[in-house]
Amino acid sequence: MARGSSGIVAGLTAAALAAVGFLAYQASANAPDSVAAPKPKVSSSAPAARHDKPKEKKPPAALPAVSGSGKRVVYALEDRQVWLVEAAGDVTRTFEVMPSALSPEPGTYQVGTRSGPATKGSDGVMIEHVVRFAMADGVAVGFSAALDGSMESPDPSLKTGGVRMSRADGDAMWKFATVRTKVVVVP
């Protein structure tokens, strides 16, 4: 009888560990950036990295002249840049994005649907603030922010349509791009 009960205890222990692991993953995936674990600091005893010059950050490109008028989101495919433009033509925010594996053709679209709560993207990454505006090869294309803040290059073998941005930029997009907001895609 001792053998049977030890097997049950081992099984319950394994199930409990799996549940705790799943809950820990879920909690870390949904944690806001403000409570994320700090990045480790380089030890003073480690050899210093050689930096001849600080890495130059290029200034954001100017709003493309052929981006239309009125309130709109402008997405430049080659520059991997987005501009949020008010009705009077004032740019309220511009930021870099990571394009999806599938991109829409240049043209004018409008936001069709949005999903605010966290969900799993087509690439398996947990995302929020999904703003869908086009279809490419039968796949919905939209802007989103990964909950972990990542902006990895998409796997080219997957048919994904998520244009990724930082969480702060995702928040700004979510507030700006309501349903029927114009989205202008330029080369």
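Two strands are taken to pair if DSSP finds at least two bridges between them, and strands (E, at least two residues) and helices (H or I, at least four residues) are DSSP runs numbered from the N terminus. The model is predicted, so that local features need pLDDT of at least 70 and side-chain atom pairs count only at pLDDT 80 or more, whereas totals for chains, interfaces and linings use all residues. Residues are numbered from 1 along each chain as its sequence is written, and side-chain values use heavy atoms, with hydrogens and water left out.

Five strands form an open sheet of mixed pairing in the order 3-2-1-10-4, with strand 3 (91-96) and strand 4 (107-110) as the edge strands, each pairing on one side only. From one strand to the next the twist averages 20 degrees. Strand 4 runs antiparallel to strand 10 (residues 182-186), to which four bridges join it, and G107 stands opposite V185 in strand 10. Helix 2 (residues 167-176) lies across strand 1 (72-76), strand 2 (81-85) and strand 3, running at about 140 degrees to strand 3; contact means heavy atoms within 4.5 Å, and angles, from 0 to 180 degrees, are taken between N-to-C directions of axes fitted to C-alpha atoms, for helices over the stretch in contact.

The lining of the largest pocket draws at least two residues from each of strand 6 (119-120), strand 7 (126-136), strand 8 (139-146) and strand 9 (162-165), and strand 8 supplies the largest share, five residues.
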